[in-house]
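Trainee: I'd like a close look at just one part of this fold. Could you walk me through how the helices sit against the sheet, and then zoom in on a single helix?

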Amino acid sequence: MRHKVAGYKLGRNTSHRRSLLRNLVTSVIVEERIETTVPKAKAARPIVEKMITLGKRGDLAARRLATAYLMTDEAVVKLFDTVGPRFGDRNGGYTRIIRTGWNKGDGADKAFLELLGSEKVLDESARSAPKPAPRRPPKLGRPWKTQRRKPSTTAAWNR
């Protein structure tokens with residue numbers, strides 16, 4: 001029985017699990033959409049919701065709590081300037097988990113953890129972002145293989 005046992009352990013010790021979740025939550029706020037495994041997404045979802053609630057409050061105490069948890073100042077600024085006010089009229093349910101497939105190596109179920117309304121933001125950023133420069137073709141040949149070195153004197157004696 002799992003009475004009064006909340007949260008996911010994710011096969012990690014406490015400090016590793018805490019830093020993993022802090023990184024995931026920071027990435028969700030900055031990127032607005034991340035791809036991760038389903039258990040990690042389910043573990044990070046309530047924390048993301050709490051951070052967005054802090055962003056909606058917007059007072060100094062909420063900003064200090066968010067700064068203590070999030071990993072970058074960029075995430076804190078985005079949380080309080082854009083993400084929090086975007087959900088001002090909504091009472092919870094700020095995120096969604098969309099299952100995408102599975103890893104080929106270990107068979108883990110993959111999912112997107114995204115903020116609601118991020119599809120508009122992602123589409124606008126894709127349109128306004130400059131196209132990346134075309135990639136150069138790879139160099140052919142192996143220069144480290146073509147260079148011949150003189151055999152050492154000990155190698156000559158061992159023949």
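Mentor: Helices here (H or I, at least four residues) and strands (E, at least two) are DSSP runs, numbered from the N terminus. As for angles, axes are lines fitted to C-alpha atoms, for helices over the stretch in contact, and angles run from 0 to 180 degrees between N-to-C directions. α2 packs on the sheet too, touching β1, β2 and β3, and its direction makes about 165° with that of β2; contact means heavy atoms within 4.5 Å.

Before going on, keep in mind that this is a predicted model, where local features need pLDDT of at least 70 and side-chain atom pairs count only at pLDDT 80 or more, while totals for chains, interfaces and linings use all residues. Residues are numbered from 1 along each chain as its sequence is written, and side-chain values use heavy atoms, with hydrogens and water left out.

Now the sheet itself: it is open, has 3 strands in the order β1-β3-β2, and its pairing is antiparallel. Two strands pair if DSSP finds at least two bridges between them. β1 (33–37) and β2 (95–102) are the edge strands, each pairing on one side only. β2 and β3 (residues 109–115) pair over 7 bridges, and Gly101 has Lys110 of β3 as its bridge partner.

Next, zoom in on α3 (residues 60–69), where Ala62, Ala66 and Tyr69 are buried, meaning under 20% relative accessible area, with exposed being over 50% and partly exposed in between (1.4 Å probe, protein chains only). Seen down the axis of α3, these buried residues fall within an arc of 65°, so they line one face of the helix; the arc is that of the directions from the helix axis to the C-beta atoms. Why does that work? An α-helix has 3.6 residues a turn, so residues three or four places apart point the same way. On the face turned away from the buried side, α3 carries exposed Leu60, Arg64 and Ala68.

What covers the buried residues of α3? The cover includes α1 (14–31), α2 and α4 (73–86). Take α4: its axis and that of α3 come within 9 Å and cross at roughly 145°. The contact is made by Ala62, Arg63, Ala66 and Thr67 of α3 and by Val76, Leu79 and Phe80 of α4.
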